[in-house]
Amino acid sequence: MNTGYRKDDELRRRINAFLQHAFDLPESDYYARLDLKAMLGLKSALSDINNAVTMRLTLGFLDWACETFAMDAVSISKIRETVLRSKPSSNGYDIHCTSPVPFVAEVKCNVPINGGTKYGAAQKGGILKDIDSLLQGKSKASGIDQAALKFMVFLDVPEVRAANEHLVASNSKMSKAFQFLGPGEVPNNPVVVYGVYSVLGS
C-alpha cells in the first residue's frame with residue numbers, strides 16, 4: 001500500500017499555495033481556518049471565475065477585431081456594451097456583430113487538463129461542437145448573415161497553442177473547416193472558422 005500520498009494533505013497544500021500566491025499572503029495554514037460556511041462561500045465565488053475569464057477574453061478579442069477591421073469607436077463601443085449586458089451562459093454566440101463588419105465568435109477558455117498539452121475528451125468535444133454551431137447555426141440563436149465571418153477565440157498561452165496543434169493534426173474535419181490566422185492576416189472567407197489567439201482585455 002502506497003503511504004506517500006494523502007488526499008487531505010495534498011488539498012491543504014494546493015489551497016494554501018494558491019491563496020498565498022494569488023493574494024501575496026504570508027505562509028500559513030489558511031485551509032485549517034475554512035469552516036463549512038467559508039468553504040461554501042469560496043466555492044460560490046470561484047464558480048464565476050470562468051465567466052470572468054470568458055468576459056475578459058471576449059473584450060480582448062474585440063480589441064483585436066477593432067484593430068483588424070479598422071472599426072470606429074462608436075461601433076466597437078456598441079459591441080462591447082452588448083457583451084457586457086449579456087448574462088453568463090446565455091443562449092446564442094459570445095459575440096454576434098451585424099455591422100459594420102458582420103461576424104460571430106465563440107470564446108473558449110479551455111486549458112488542457114492536468115497541466116498537459118492535449119485536451120481531454122470533453123474539451124475536444126466542446127470545441128468541435130462550437131465549430132459546428134458557427135458553421136451550421138444554433139437553434140436558439142439569431143440567424144447568421146451568410147457573409148458573416150466566424151471566429152473561435154482561444155487564450156494565448158503556450159499550453160493552449162500546443163493542445164490546438166495536436167487537435168488540428170489529429171482531426172481531419174478541423175483541417176477543412178477551421179484555420180488559425182497568421183500574424184497580420186486579415187480574414188475574408190465566411191465559410192471557414194478562423195482560430196484567433198487573444199489576450200485578456202478590460
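**View 1. F61 and F151 are both buried.** Buried stands for under 20% relative accessible area, exposed for over 50%, and partly exposed for what lies in between (1.4 Å probe, protein chains only). The model is predicted: local features need pLDDT of at least 70, side-chain atom pairs count only at pLDDT 80 or more, and totals for chains, interfaces and linings use all residues. Residues are numbered from 1 along each chain as its sequence is written, and side-chain values use heavy atoms, with hydrogens and water left out.

**View 2. F61 pairs with F151.** Rings of Phe, Tyr and Trp (its six-membered ring) pair if their centres lie within 6.5 Å; planes under 30 degrees apart are stacked, over 60 edge-to-face, and the rest tilted. This rule gives 14 aromatic pairs. The F61 and F151 ring centres are 5.3 Å apart with planes at 55°, so this pair is tilted. It links distant parts of the chain: F61 lies in helix α3 (residues 49–68) and F151 in strand β3 (residues 149–155), 90 residues apart. Helices (H or I, at least four residues) and strands (E, at least two) are DSSP runs, numbered from the N terminus.

**View 3. F154 pairs with F180.** Their ring centres are 5.8 Å apart and the planes stand at 45°, so the pair is tilted. F154 is in strand β3 and F180 in strand β4 (residues 178–180), 26 residues apart. F154 is buried because its relative accessibility is 1%. F180 has 26%, so it counts as partly exposed.

**View 4. Ring pairs build a cluster.** Its members are F61, W64, F69, F103, F151 and Y194.
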